[in-house]
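Please find below my notes on the model under review. They are set out as numbered points.

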Amino acid sequence: MKGILLSRLGQPKEIANAYGFLASDEASYITDTLLTVYEGKVL
């Protein structure tokens with residue numbers, strides 16, 4: 001946990017935000033990439 005700034009693991013609802021982004025029109029041009037979820041934000 002020392003390496004995580006929020007000192008906790010992400011909750012399923014928080015991680016689901018990344019999947020929601022990928023399913024949205026905003027991600028329509030994203031192909032073959034590594035999606036990093038960092039403290040609830042998609043980087």
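The points below go from the overall fold to single contacts.

1. Basis. The model is predicted, so local features need pLDDT of at least 70 and side-chain atom pairs count only at pLDDT 80 or more, while totals for chains, interfaces and linings use all residues. Residues are numbered from 1 along each chain as its sequence is written, and side-chain values use heavy atoms, with hydrogens and water left out.

2. Secondary structure. The protein has one helix and two strands, in the order α-β-β along the sequence. Helices (H or I, at least four residues) and strands (E, at least two) are DSSP runs, numbered from the N terminus.

3. Surface and burial. The accessible surface is about 4,000 Å², and 58% of this belongs to carbon and sulfur atoms. Areas come from the Shrake-Rupley method with a 1.4 Å probe; for residues, only the protein chains shown count as cover. Of the 43 residues, 5% are buried. Buried means under 20% relative accessible area, exposed over 50%, and partly exposed in between (1.4 Å probe, protein chains only).

4. Nonpolar patch. Ile15, Tyr19, Leu22 and Ile30 form a nonpolar patch on the surface, with about 370 Å² of accessible area together. Patches are made of residues with over 30% relative accessible area and no salt bridge; like charges are joined within 9 Å, and nonpolar side chains (Val, Leu, Ile, Met, Phe, Trp, Tyr) within 5 Å. Ile30 lies in the loop between α1 (12-23) and β1 (37-38). With a relative accessible area of 37%, Ile30 is partly exposed.

5. Salt bridge. How many salt bridges does a search of the whole structure find? The search finds one: the side chains of Arg8 and Glu14 meet at 2.7 Å, N to O. The criterion is a side-chain nitrogen of Lys or Arg within 4 Å of a carboxyl oxygen of Asp or Glu. Both partners count as partly exposed, Arg8 at 36% relative accessibility and Glu14 at 25%.

6. Ser28. This residue is also placed in the loop between α1 and β1. Ser28 is exposed, at 61% relative accessible area, and its side chain reaches the backbone oxygen of Asp25 at 3.1 Å.

7. Thr36. The loop between α1 and β1 holds Thr36 as well. Thr36 is partly exposed, with a relative accessible area of 36%. Thr36 and Ala18 are 18 residues apart in sequence, and their C-alpha atoms are 8.7 Å apart in space.

Definitions and conventions: A polar contact is a pair of N or O atoms within 3.5 Å; within protein, one must be able to donate a hydrogen and the other to accept it, and residues adjacent in sequence count only if both atoms are side-chain atoms.
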